Amino acid sequence: MNLAGLILRLAGWKVNITAPDFPKCIIAVAPHTSNWDFILGKLAYAAVGRHAGFLMKETWFFFPLNIFFKAIGGIPVPRRRGSSLVDMIVDKFNATQRMVIAITPEGTRSRTSQWRSGLLHIARRADVPIELGVIDFPTKTITIADVFHPTGDVDADMAYLKSYYRPFTGKYPEKFTTE
């Protein structure tokens, strides 16, 4: 067991990552209600010897944190309109042999019923699968076991994702909805 796995085990967390180690994929992570989700997710993936990048608000990428976040795979998400994050991520996938990136479909730690469809568009255009990652606080379990291939019907795909994550609970349950 490596250090990341030991830290999680000592904190009472279980890691169940059985999805294939694809060279390119997106990990959809939900529920996302706390900054702890980031730490737990990074530790869990490292516990099984894997590395994933992640999207994060660009406001976190200030000196010296920008150096740290970029070193561990962070990609800043611009807040301004007119920039195409989907195009940028698809280009990154197409330019590399190996890329795994964690994306929260909610796009925020706040309660929202309007989940972001960008991960579906990225997966389709880059032709990569989506692994379904769960951080379930009541059971203290981090799971990545199932793989989803978007159909191109964004509404149906989003309905599927919401139904998949419905049984799980984040650190702050009042901040998570699949409605």
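Which residues line the second largest pocket?

Modeller: This is a predicted model, in which local features need pLDDT of at least 70 and side-chain atom pairs pLDDT 80 or more, while totals for chains, interfaces and linings use all residues. Residues are numbered from 1 along each chain, and side-chain values use heavy atoms, without hydrogens or water.

The second largest pocket (an open set of points on a 1 Å grid, with protein on both sides within 12 Å along at least five of seven lines; lining residues have an atom within 4 Å of a point) is lined by His51, Ala52, Gly53, Gly73, Ile75, Lys92, Arg98, Met99, Val100 and Ile101. By class, the lining divides into five nonpolar, three polar (Gly among them) and two charged residues (Asp, Glu, Lys or Arg).

For context, the largest pocket has a volume of about 1,200 Å³ and is lined by 48 residues, with Leu55, Met56, Val77, Thr104 and Gly107 lying nearest its centre. The elements that give two or more residues to that lining include strand 3 (53-57), helix 4 (85-94) and strand 5 (99-103), whereas the largest share, seven residues, comes from helix 2. The lining of the largest pocket has 25 nonpolar, 15 polar and eight charged residues.

Definitions and conventions: On a 1 Å grid over the protein atoms alone, a cavity is a set of points where a 1.4 Å probe fits but cannot get out, and a pocket is an open set with protein on both sides within 12 Å along at least five of seven lines; lining residues have an atom within 4 Å of a point. Grid points are joined across faces, edges and corners, and a volume is the space filled by probe spheres set on the points. Helices (H or I, at least four residues) and strands (E, at least two) are DSSP runs, numbered from the N terminus.
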